[in-house]
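Colleague: I have this one open on my screen and would like to go through it with you. Could you take me through the overall picture and then the details?

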Amino acid sequence: MSDLTEVEVLWLEKRIENRVRFGRIVEERKLDRHRRVLSFAPGSTFAFVRWTSNDFGTAISRIDILRAIAPRQRCSTVPYVTPGGEILLRLSGWPKVERVLQMIDAVEALGIDPADVAPDHWHHVHNRLSVNENPRPYTKARHQAWLHRQKVMR
């Protein structure tokens with residue numbers, strides 16, 4: 001049993017796309033031409049996007065931002081994620097997924113890796129978008145405060 005959190009990504013053109021939007025991959029295994037397994041170290045944050053369509057259009061559109069867990073730590077189960085993860089954000093439906101992707105793009109535009117963003121921010125985004133409210137943007141000042149808090153807590 002590995003200490004890593006594994007995510008199976010899959011791509012079938014115009015049918016299924018399970019992909020990692022951000023995160024620091026420490027290991028990658030190719031299963032076949034459509035599937036790979038990506039592994040993340042305990043404590044690392046990553047975004048997992050799932051999209052499925054059928055003959056009538058998009059059937060599933062979901063994004064999960066998760067924190068990889070340490071061995072024997074409690075976690076929530078998430079399809080295609082073994083053993084599971086700590087859910088920081090979980091939204092479905094294209095309008096909400098698109099908003100989260102835009103927020104990730106905005107973080108990257110600041111020169112910040114989304115994997116380094118304060119977990120509390122992703123909780124905030126989840127809570128606000130769940131009730132159709134606008135979340136506060138992540139700023140360099142908020143990021144600096146998060147980095148300082150991490151130093152103080154060590």
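Colleague: What radius of gyration does the protein have, and what would a compact globule have?

Modeller: The protein has a radius of gyration of 16 Å, which agrees with the value near 15 Å that a compact globule of 154 residues would have; the radius is taken over C-alpha atoms, and the globule rule is 2.2 Å times the number of residues to the power 0.38. Along the principal axes, the C-alpha atoms fill a box of roughly 50 × 40 × 30 Å.

Colleague: Before we go on, what sort of model is this?

Modeller: This is a predicted model, in which local features need pLDDT of at least 70 and side-chain atom pairs count only at pLDDT 80 or more, while totals for chains, interfaces and linings use all residues. Residues are numbered from 1 along each chain as its sequence is written, and side-chain values use heavy atoms, with hydrogens and water left out.

Colleague: What share of the residues is buried?

Modeller: Buried residues make up 36% of the 154 residues, where buried means under 20% relative accessible area, exposed means over 50%, and partly exposed lies in between (1.4 Å probe, protein chains only).

Colleague: Switching to the strands, why do you call E5 largely enclosed?

Modeller: Strand E5 covers residues 45-54, and seven of its 10 residues are buried, so the strand is largely enclosed by the rest of the structure.

Colleague: Which strands does E5 pair with?

Modeller: E5 pairs with E2 in the antiparallel sense over six bridges, and with strand E6 (residues 57-67), also in the antiparallel sense, over 10 bridges; strands count as paired if DSSP finds at least two bridges between them. Trp51 in E5 is the bridge partner of Glu17, Phe46 stands opposite Leu66 in E6, and a hairpin of two residues joins E5 to E6.

Colleague: There is an arginine in that strand, so is Arg50 buried or exposed?

Modeller: Arg50, which is found in strand E5, counts as buried at 11% relative accessibility.

Colleague: What does its side chain make a polar contact with?

Modeller: The side chain of Arg50 makes a polar contact with the side chain of Asp64 at 3.4 Å. A polar contact is a pair of N or O atoms within 3.5 Å; within protein, one must be able to donate a hydrogen and the other to accept it, and residues adjacent in sequence count only if both atoms are side-chain atoms. Setting aside residues up to four places away in sequence, Arg50 touches several others, among them Glu17, Ile60, Tyr80 and Arg90, with contact meaning heavy atoms within 4.5 Å.

Colleague: And what does the side chain of Ser53 reach?

Modeller: Ser53 is also placed in strand E5 and counts as buried at 11% relative accessibility, and its side chain reaches the backbone oxygen of Lys14 at 2.7 Å.

Colleague: Where is Lys14, then?

Modeller: Lys14 lies in the loop between strand E1 (5-12) and E2, where it counts as exposed at 66% relative accessibility. Lys14 has a positive phi of about 60 degrees although it is not a glycine.

Colleague: Changing topic, how many aromatic pairs turn up in the whole structure?

Modeller: The search finds two. Rings of Phe, Tyr and Trp (its six-membered ring) pair if their centres lie within 6.5 Å, and planes under 30 degrees apart count as stacked, over 60 as edge-to-face and the rest as tilted. Phe22 and Trp122 are stacked, at 5.9 Å centre to centre with 25 degrees between the planes, and this pair links distant parts of the chain, with Phe22 in strand E2 (residues 16-22) and Trp122 in helix H2 (residues 119-130), 100 residues apart. Phe22 and Trp122 are both buried.

Colleague: What about Phe40 and Phe46?

Modeller: Phe40 and Phe46 also form a stacked pair, at 4.2 Å centre to centre with 10 degrees between the planes, and both Phe40 and Phe46 are buried.

Definitions and conventions:
Helices (H or I, at least four residues) and strands (E, at least two) are DSSP runs, numbered from the N terminus.
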